[in-house]
Amino acid sequence: MSARPPYPRIRRLRAALAASCAALLFAAGCSFGEPEPDPAGEPPNLPTPSASASPGGAGQQAVATVLAKGLRVPWAIAFLPDGGALVTERDNGRILQVGPESGPDGLRVRPVQTIPGVAAAGEGGLLGIAVSPDYARDQTVFVYYTAEEDNRVARLRLGGQPTAILTGIPKANVHNGGGLGFGPDKQLYVSTGDAGQRPLSQDVKSLGGKILRITPDGKPAAGNPYPNSPVWSLGHRNVQGFAWDAAKRMYAVEFGQNTWDEINQITKGGNYGWPEVEGQAGDKRFTDPIAQWATSDASCSGLAATDRLLVTGCLRGKRLWVMELTDTGTLLGQPSELLTNRYGRLRAVAAAPDGSLWVSTSNHDGRGDPAGDDDRLLRVVFAGGDGGRS
């Protein structure tokens, strides 16, 4: 591959790393030097409690800073224009605002709303959250949650009554999906699970086991592969996290059954094989994943893209998997792992406006071993010379 000039976010990463180096000396050294001027402005003045360095594969290093403590199953993170974030708590149905204000122990955390009608059980509850691309004008937020009869998507203004815009997504104790996010096309993407009913994933008429693409009003978006249908891709077992890279390619992380968890590049009308195949099958009817792991090393939920990296947070694997992308959207080299067994189960991963990543732990979800300050919200900044960041 040819050398490429730094992306704008790389300058923000360098600025953030320079601040971190004042409090922490990496084993490999802080090699970025003085950060370049950033036309997007300086990173926010974030607190630096509990910083720690973590080595990864291929010499990768990262600084993890605890931004907030004492949360309960923080499931999804969506950033506001002011640099603060909205965080959902799965089991109690609350939306928290985290930052941008800070104190001596981390960012300020305050509940801003409890969503009525959330029926939390098993893996269901208040799951995904997305902020309107026009939030400065419309002040609108979207949530994905489990109700008594189904999983659904609703829109609201904070403090106001939610209005359901998409209902009838199959629900169960497991495999509820829950991912929510606006794509580069300003359409709302929704990831769903098969709700334990495998045939739903291959049934175009079902909303289960799919990635859906809808308008902010909940209607099927123009250009979808099936007429008058919100279905964008099918053959999914349980997608919770997805993201887009700088070239506007979409990727999703997929829970496997007993053998392989996957990272897939998502295309219009793509069929990802479940329940016929799991992992890389070489079956021309289906799209193979670009990466796969044994479920014991992964069971990943959240996914973020930053610079030329994909980063996913893993529950059972208790780590971040970091993948570098080529110009064509395939993987360059092998994935590397970070923070393995340092913070327990990791769930949400979101790219912050300053180029860092925010990651949530999920140790209170009934399958973890919570520490006294769990669940936590972490800020992760990468160091090292690989990944197109030097």
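**View 1. One disulfide in a predicted model.** By the distance rule, sulfur atoms within 2.5 Å, the count comes to one disulfide. Please keep in mind that this is a predicted model. The bond joins Cys300 to Cys314, with an S to S distance of 2.1 Å. The torsion about the S-S bond of Cys300 and Cys314 is about 70°, so this disulfide is right-handed. Cys300 sits in strand β19 (residues 300-306) and Cys314 in strand β20 (residues 309-314), so the pair ties together parts that are 14 residues apart in sequence. Are these two cysteines, Cys300 and Cys314, buried or exposed? Cys300 is buried, and Cys314 is buried too.

**View 2. Arg213 and its surroundings.** Here we zoom in on Arg213, which belongs to strand β13 (residues 211-214). With a relative accessible area of 8%, Arg213 falls under the 20% cut-off and therefore counts as buried. Which side chain makes a polar contact with the side chain of Arg213? That partner is Tyr189, at 3.1 Å. A polar atom of the Arg213 side chain also lies 2.8 Å from the backbone oxygen of Ala222. Leaving aside neighbours within four places in sequence, Arg213 is in contact with a set of residues including Asp185, Gln187, Leu188, Lys219, Pro220, Asn224, Pro230 and Trp232.

**View 3. The largest nonpolar core.** In soluble globular proteins, nonpolar side chains tend to be buried together. The largest nonpolar core in this model has 33 residues, and those touching the most other members are Ile129, Val143, Val153, Leu180, Leu188 and Val190. Elements that give two or more residues to this core include β3 (74-79), β7 (126-131), β8 (141-146), β9 (151-156), β12 (188-191) and β13. A second, separate core holds 18 residues, among them Val322, Leu357, Val359 and Phe382.

**View 4. A closer look at Val190.** Which residues are in contact with Val190, once neighbours within four places in sequence are left aside? They include Tyr144, Val153, Ile169, Gly179 and Leu180. Lys210, Ile211, Leu212, Ile214 and Phe242 are also in contact with Val190.

**View 5. Stepping back to the whole protein.** The protein has two helices and 25 strands. Of its 390 residues, 57% are buried. Among contacts between residues at least 6 apart in sequence, 52% join residues at least 24 apart. The accessible surface comes to about 15,200 Å², and carbon and sulfur atoms account for 47% of that area.

Key: Residues numbered from 1 in each chain as written. Predicted model: local features only at pLDDT ≥ 70, side-chain atom pairs only at ≥ 80, totals over all residues. Heavy atoms only, no water. Helix = DSSP H or I, 4+ residues; strand = E, 2+ residues; numbered from the N terminus. Buried < 20%, exposed > 50% of the residue type's maximum accessible area, 1.4 Å probe, protein only. Polar contact = N/O pair within 3.5 Å; in protein donor to acceptor, adjacent residues only side chain to side chain. Contact = heavy atoms within 4.5 Å. Core = buried A, V, L, I, M, F, W, Y, C linked by side-chain atoms within 4.5 Å. Areas by Shrake-Rupley, 256 points an atom, 1.4 Å probe, with all protein chains shown as cover.
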